[in-house]
Amino acid sequence: MTPQELLKEAQNVIENSYSPYSHFPVACAILYKDGQVITGVNVENVSFGATNCAERTALFTGITKGYKKEDVQMIAIAGKTSYFLPPCSICRQVLVELCPIDTPVYLSNQDGQLKETSILELVPMAFTEM
């Protein structure tokens, strides 16, 4: 699967985002090494602390299905922004915990353009087990 195909998987679920407060839908697709793709969207709550981001929704679903850190192959994040949409800082630390540090992460914009980065580039001084 190409990064563009993985982005399409995220774009296919972005309308499922529950974002009535921010009106800022985000979707994430994770490709696992066995070819399985798991998607997630942000789910807001009137108490913003109870909100869950798309990246964490997808990662936590993968854990629920039995996937491990070493099973993650690549990640794509979709939004409706003019800029390349990065994960929030909480999600970045969760990515460090649940993915290999060199995992490619593809950020996108509303035009479907991709910017490749990695978890290490997103969190250069992260707490890791390394």
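This briefing describes the cavity, pocket, aromatic pairs and helix packing of one protein structure.

The structure is a predicted model, in which local features need pLDDT of at least 70, side-chain atom pairs count only at pLDDT 80 or more, and totals for chains, interfaces and linings use all residues. Residues are numbered from 1 along each chain as its sequence is written, and side-chain values use heavy atoms, with hydrogens and water left out. Helices (H or I, at least four residues) and strands (E, at least two) are DSSP runs, numbered from the N terminus.

**Cavity and pocket**

- A cavity is a set of points, on a 1 Å grid over the protein atoms alone, where a 1.4 Å probe fits but cannot get out; a pocket is an open set with protein on both sides within 12 Å along at least five of seven lines; lining residues have an atom within 4 Å of a point.
- Grid points are joined across faces, edges and corners, and a volume is the space filled by probe spheres set on the points.
- The structure contains 1 cavity of 30 Å³ or more, and the volume of the largest cavity is about 30 Å³.
- Tyr32, Leu59, Gly62, Ile63, Tyr67, Lys68, Val72 and Leu98 line the largest cavity.
- Helix H2 (residues 54-64) supplies the largest share of this lining, 3 residues.
- The lining of the largest cavity comprises 6 nonpolar, 1 polar and 1 charged residues, where Ala, Val, Leu, Ile, Met, Phe, Trp, Tyr, Cys and Pro count as nonpolar, Asp, Glu, Lys and Arg as charged, and the others, Gly among them, as polar.
- The largest pocket has a volume of about 230 Å³.
- Of the 15 residues lining the largest pocket, Phe24, Val26, Asn42, Cys53 and Cys88 lie nearest its centre.
- By class, the lining of the largest pocket has 10 nonpolar, 3 polar and 2 charged residues.

**Aromatic pairs**

- Rings of Phe, Tyr and Trp (its six-membered ring) pair if their centres lie within 6.5 Å; planes under 30 degrees apart count as stacked, over 60 as edge-to-face and the rest as tilted.
- The count by this rule is 2 aromatic pairs.
- Tyr21 and Phe48 form an edge-to-face pair, at 6.2 Å centre to centre and with 75° between the planes.
- This pair links distant parts of the chain, 27 residues apart: Tyr21 lies in the loop between helix H1 (3-11) and strand E1 (26-32), and Phe48 in the loop between strand E2 (37-41) and H2.
- Tyr32 and Tyr67 form a stacked pair, at 4.0 Å centre to centre and with 25° between the planes.
- This pair also links distant parts of the chain, with Tyr32 in strand E1 and Tyr67 in the loop between H2 and strand E3 (72-79), 35 residues apart.
- Tyr32 and Tyr67 are both buried, buried being under 20% relative accessible area, exposed over 50% and partly exposed in between (1.4 Å probe, protein chains only).

- The buried residues of H1 are Leu6, Leu7 and Ala10.
- Seen down the axis of H1, these residues fall within an arc of 105°, so they line one face of the helix; the arc is that of the directions from the helix axis to the C-beta atoms.
- In H2, the buried residues are Ala54, Glu55, Arg56, Thr57, Ala58, Leu59 and Gly62, and their cover includes E1, E2, E3 and helix H3 (89-98).
- Leu95, in helix H3, is buried, with a relative accessible area of 1%.
- Leaving aside neighbours within four places in sequence, Leu95 is in contact (heavy atoms within 4.5 Å) with Leu59, Ile75, Pro87 and Ile119.
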